[in-house]
Amino acid sequence: MLIYLLNKTPFEGVKNLILNEIIFFDIKLNLDHYDALICTSKNALIALEKNKIPLNLDMQIYTIGDSTACFAKQLGFKNIKIAKKSYANEFFKEFKEELKNKKCLYLRAKNIASSLNLDLKNSGINLDEMIVYKNIFKSSNEILIHPSVFIFTSALSVENFLKNYSLHEDDIIISIGNSTAKKLLNFKNLFVCKKQSIEECVALAKKLAFKTPF
């Protein structure tokens, strides 16, 4: 059974299906004005790198997901905190009190699935937001094979897929998290990965593909 990953990260035995393109905006920013930087995607940090923003490597970084934290470490940031659970609402619960005494900047996409920005502001946190990138739909002419395992890594990846393709009744669907899964509740054979990481999704996909007869 084939495994399709709606993401560009390469894995052995997995076929990447890219239906989006990330556009980074030109930004100007002085990180010295902030105590804490909130990043829920490594694309936010890539935007800093692409715009050659001088980095305050001692500032506190708050992240969702190991890949974002790893990229922050690669850039040289020293003080990185990773949410224990990789969901925006859990991030809010875990850090809301800690962030109240800090001047915070949330670097984000133009469209986001969560209400993290509003939750933080409504709780009294001194938060600035900066939109640093956007995802745009990119069509594909590739003919898919069914049944297969499909891994969706964001709510937007589901939306883009359904603009171009359809899921069959006997396909296996893996969601990276609950926000993404909400877009897939009409489909059976849906599995939500226990840990929000692409690596874990791929490991689950390989187990399911192996167990499922062709």
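**A walk through the core, a helix and a sheet**

Okay, let's start in the middle: the largest nonpolar core has 23 residues, and L29, L31, L37, L45, L48 and L107 have the most contacts inside it. By nonpolar core I mean buried Ala, Val, Leu, Ile, Met, Phe, Trp, Tyr and Cys residues joined through side-chain atoms within 4.5 Å, where buried is under 20% relative accessible area with a 1.4 Å probe, protein chains only. The largest share, five residues, comes from α1.

Quick caveat: this is a predicted model, where local features need pLDDT of at least 70 and side-chain atom pairs pLDDT 80 or more, while totals for chains, interfaces and linings use all residues. Numbering runs from 1 along each chain as its sequence is written, and side-chain values use heavy atoms, without hydrogens or water.

Helices (H or I, at least four residues) and strands (E, at least two) are DSSP runs, numbered from the N terminus.

Now, α3, residues 88-99. Which of its residues are buried? A88, F91, F92, F95 and L99.

Five strands form an open sheet in the order β2-β1-β9-β10-β11, with parallel pairing; strands pair if DSSP finds at least two bridges between them. β2 and β11 stand at the edges with a single partner strand each, so one side of each has no neighbour in the sheet. Between β1 and β2 there are two bridges, and L5 stands opposite N16 in β2.

Conventions: Buried < 20%, exposed > 50% of the residue type's maximum accessible area, 1.4 Å probe, protein only.
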